[in-house]
Amino acid sequence: MAKDPLIQMLADPERTPIRGALPVVTVRPDDEPGYIDAVRRVESERFELERRGREHGTVVELLRPDLSPKLDSRQMQASWKAADPFVIRDATVTCDDATAMLPEGWAASTDEQARWEKWIVEHASEALRCTDAFSDPDRDIAKALCEGRGAWAKLGRLSTADGDASRRLVFGVGEEVRDDDHPSAQRHAEVWAWACSLLPALEVSWPDRLRKCLSGASGRPLSPSNPIVYWNRPNGGALFHHDALPGYLPVDDGESAEPPPSGQRGVVYVQGAGSTVWLALSIQQLAARCCEFMRDVVDGGAPWLFDSWVKASVWQPLFFATREVGPCLRALARSDAGPLRPLVHGCLEFTGFLVDSGHAAVLRAGDAIALPNHGLERTAMHSVYCGSSGPNVGFSIGLR
Ligand SMILES: [Fe+2]
């Protein structure tokens, strides 16, 4: 009897799924009918991935909870240590009231800056000063400084791409960029409290249960910091990146780093409403996957990619950066992915390869994904797509 091609694929030892997430696979028009049928029989939900005007293929989440048992604390500790992302389904209560409190109406309105400034001034109990001195003038929309709390908050775009109406609201300590990794836990706590006073839904996204769970995984008590609220819209999302802040030192002792002077030990993203589709894996795994995929291209697989990269004059740097894992790791550690940009940011075939290798997950309201960080050489890389056509809200919480 012929084997089910889907079962074969899910059982492939080369496939290393994100722990805690339901399996996600690609579906392509030229797939065998047997595979397409097998997927359909266990299909949970189908997503057409599109980001910033570029199609990234069709993916299907499978109703195979037997393949994604709930993680125990020992598994979470092992994942944390390796900087492997993991999913905690139903991590928080889903509270319609909480998400309804979010000022969703800012995004994509014509007078966003004025409306946001009015909202924050009316809702903050402290004196604020609104400013046009933006650190990222292309994407920043509005910013307010709160001297009483030693804090700032800003509303911004995720990208300048046409048709991407995604927004984010970022909170930080002291002076933006300079103090993002400020060593004072007290000052981060002050900003967190301020953000929660403005957005009660943020506090709902960090229940005691989740705090205990992640503290247990990391082996130390974790506190929330650097909150960001995301409104991911169709065609929006985030390119592959890590959340390691400057100031980290690489460690090779295999133990959890003590990044001086303080350090963000990771991030947890909690889905508040709607859904997002994630690609997430450790930087070491991603470097190995880049090299593996490129070896296949060098051997003649996907010749159209070779042709298009030669034509775009990106083939040589991409080839040299992916011959070995070392240079690949260094390129991924850069904020712009350096010579790997054409591969990790916009290559449909590479996205599909990562999905079928197990590195994709779907998050719905109440789900969380943990993104551990031990410095630039051992951190969680992640890339996000909008998974819903309606309201989509998520909370990114820095962990210290
Ligand atoms: Fe991130």
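This is a predicted model: local features need pLDDT of at least 70, side-chain atom pairs count only at pLDDT 80 or more; totals for chains, interfaces and linings use all residues.
## Overall form

The protein chain contains 14 helices and 16 strands. Its radius of gyration is 21 Å, close to the 21 Å given by the globule rule for 400 residues, so the chain is as compact as a globular protein of that length. Along the principal axes, the C-alpha atoms fill a box of roughly 70 × 45 × 45 Å.

Of the 400 residues in the protein chain, 46% are buried. Among contacts with a separation of 6 or more, 75% are between residues 24 or more positions apart.

## The nine-stranded sheet

An open sheet is formed by nine strands in the order S4-S14-S11-S16-S9-S8-S7-S6-S5, with antiparallel pairing. Strand S4 (86-88) and strand S5 (129-131) are at the edges; each has a single partner strand, so one side of each has no neighbour in the sheet. From one strand to the next, the twist averages 20°.

## S5, S6, S7 and helix H5

Helix H5 (residues 112-123) lies across S5, S6 and S7, and runs at about 25° to S6.

Strand S7 covers residues 151-157 and includes Leu 155. Is Leu 155 buried or exposed? The residue has 26 C-beta neighbours inside 10 Å; a residue is buried at 20 or more, so Leu 155 counts as buried. Its C-alpha atom is separated by 9.1 Å from that of Ala 144, which is 11 residues away along the chain.

## Strand S15 and its partners

Strand S15 (residues 380-386) pairs with two strands described here. With strand S10 (residues 237-241), the pairing is antiparallel over three bridges, and Ala 238 stands opposite Val 384 in S15. With strand S12 (residues 275-282), the pairing is also antiparallel, over seven bridges; here Ser 282 has Ala 380 of S15 as its bridge partner.

How many of the seven residues of S15 are buried? Seven of the seven are, and the strand is mostly covered. Both faces are covered: one side carries Ala 380, His 382, Val 384 and Cys 386, and the other carries Met 381, Ser 383 and Tyr 385, all of them buried.

Notes:
Residues are numbered from 1 along each chain as its sequence is written. Helices (H or I, at least four residues) and strands (E, at least two) are DSSP runs, numbered from the N terminus. A residue is buried if 20 or more other C-beta atoms lie within 10 Å of its own, exposed if 12 or fewer, and partly exposed in between; C-beta atoms are placed from the backbone. Two strands pair if DSSP finds at least two bridges between them. Axes are lines fitted to C-alpha atoms, for helices over the stretch in contact, and angles run from 0 to 180 degrees between N-to-C directions. Two residues are in contact if their C-beta atoms, placed from the backbone, lie within 7 Å. The radius of gyration is taken over C-alpha atoms; the globule rule is 2.2 Å times the number of residues to the power 0.38.
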